[in-house]
Structure formats: C-alpha cells, structure tokens
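Dear colleague,

Please find the structure below, together with its sequence.

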Amino acid sequence: MEQKINEIKAIFQAADRNKLPELIKEYSGDQRSGVQALLKNAEKKLKNLEKEIERTEKMKEYEYRYGEYSYICGIDEVGRGPLAGPVVAGAVILPKNCDILYLNDSKQLSEKKREELYDVIMEKAVATGIGYASPQRIDEINILQATYEAMRQAVGQLAVQPDLLLNDAVTIPGISFRQIPIIKGDAKSISIAAASIIAKVTRDRLMVQYDEVFPGYGFASNKGYGAAAHLEALKKYGPTAIHRHSFIRNFMEVED
C-alpha cells in the first residue's frame, strides 16, 4: 500500500540531519507533488545545515589552535550596561569533539534559540559555571571590577579546572592560568559563544523574576536596560533594591 503524504511528512519531520540523505534517496522516485515538495525542503535544509557546519567549524579556530590544552574554557559576561540587575558571567568547557551547531554571540540569537541552546550546552558541556556581581557590589567597586569578580566566580564554579581561558576581549586579574583575550570573541569562538549564551539566559530569567517582585519597571522585557518605559517608571516610583545607584545618579539629578 502506498504511503500517504502526511505519513511521509511525519517521517521527514522526525528525522535528524544524518538520516535526511537516506530519506531523500529512498523517496526520490515518488513523483507526487507533495512528496517532491518534501524532498525539496529536505535538500534545502541539508544545504543550510552544511553552511551552518562550515560556519561553526570556523568558530573552532581558537579551540583547534590551542588544542594541546586539555580543558579550554570560554568565558563571557552579560549585563554591564543596564541600570538595574546584576552583571552575570558564564564559563563553559566544551568537549573536544563538540558537535553543537548555531553557537554564536548571544545577542545575534533569538530568545527561543538561546533557550534551546542553553539546554544543549548544559547537557553536553564538560563543565559550566555562573558568576554574579550584585548591583550593590557594582556600586561599591565599579562595573569593570565587578565584572572581573563575576568572571572569577564563574571559573571557580567549574567542576573541572581549565588550563586555558578564551576571553571576550579582556584579561581577568587574579587568574593563575593562561588567558587568550579575543576581540569580539563571542562571535569567533564556540567556547566563548556558549558562555555568552548561558550567561544571557541566566540573567534574562532572573530579570523576569525581578519583574514580579518590582512590577511597573518592565524588567521582563527591558532586562534592566534604559528603555523609555523603565526611565519613566524610575522617575515616577524611584529606584528599587536592584538599581545601580552609580548608573542612575546623573539621571536622577537631571530629573529632580
């Protein structure tokens, strides 16, 4: 009995990328327009996957260059610019044979894609770590020093000690092993990109929770950045416990 097109469609939808070439070959003789459309979509998907694999391979340049190191750790931070909330750092050691696709600077990914990749990274990584610096700590020691502190904390949370750090542009004081600062590293290294993603997802989830504690500022949507609605609420209600006073001081003085 001839398979129904909907049945074939379900088979294609359920197949992983390694199975697609085999399915394309298997159904290539079926001349029904619906099946031909499925084959065309599958071929397009394969072509896009090939491009993504090629892009990801290019992002392994530094991981390959320093391949003699056993545990290469990517590290990145998010939240240096907001008026409210912590700065969060992520540290990730990926396996040598890492096959995760779509890793990129977290700002270049949709929220949905970041959430998907977060789960994959947490599952496949050799080790991950998250570090925080509170708004109060940022006010106390300044944003740069607070960022370094969060990064050291993230590295300290790793279950496996790295022997090389790949950093997004910075060199972190107080780290005893070798560091390689890479300008725009979150777009050039899969390890830094992975760190960027877990830091971003962690901080975004935290700001959504803060939105429930401090309603009216739009933290769920603006994540503490200076959006118009946030600035208006700050003017109307004043700062919350998670605002960085060193960041809003000038604004508050202007508005007073």
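In a left-handed crossing, helix H2 passes helix H3; a crossing is left-handed if the near helix is turned anticlockwise from the far one by less than a right angle, and right-handed if clockwise. This is a predicted model, in which local features need pLDDT of at least 70 and side-chain atom pairs count only at pLDDT 80 or more, while totals for chains, interfaces and linings use all residues. Residues are numbered from 1 along each chain as its sequence is written, and side-chain values use heavy atoms, with hydrogens and water left out.

H2 covers residues 20-27 and H3 residues 33-58; the two pack at an angle of about 155°, with their axes 10 Å apart. Helices (H or I, at least four residues) and strands (E, at least two) are DSSP runs, numbered from the N terminus. Axes are lines fitted to C-alpha atoms, for helices over the stretch in contact, and angles run from 0 to 180 degrees between N-to-C directions. H2 and H3 are therefore roughly antiparallel to each other (angles under 35 degrees count as roughly parallel, over 145 as roughly antiparallel, 65 to 115 as roughly perpendicular and the rest as oblique). From H2, Leu 20, Pro 21, Leu 23, Ile 24 and Tyr 27 meet Val 35, Leu 39, Ala 42, Glu 43, Lys 45 and Leu 46 of H3, where contact means heavy atoms within 4.5 Å.

On the other pairing, helix H1 (residues 5-14) packs with H2 at an angle of about 160°, the axes again being 10 Å apart. H1 and H2 are therefore also roughly antiparallel to each other, and H1 passes H2 in a left-handed crossing. Ile 8, Ile 11 and Phe 12 of H1 make this contact with Leu 20, Leu 23, Ile 24 and Tyr 27 of H2.

Thr 147 lies in helix H7 (residues 143-156). At 2% relative accessibility, Thr 147 counts as buried (buried means under 20% relative accessible area, exposed over 50%, partly exposed in between, with a 1.4 Å probe and protein chains only). Leaving aside neighbours within four places in sequence, Thr 147 is in contact with Glu 77, Arg 80 and Val 87.

Strand E2 (residues 87-93) pairs with E3 in the antiparallel sense over 7 bridges; two strands pair if DSSP finds at least two bridges between them. Ala 127 in E3 is the bridge partner of Ile 93. Strand E3 (residues 127-133) is mostly covered, with 5 of its 7 residues buried.
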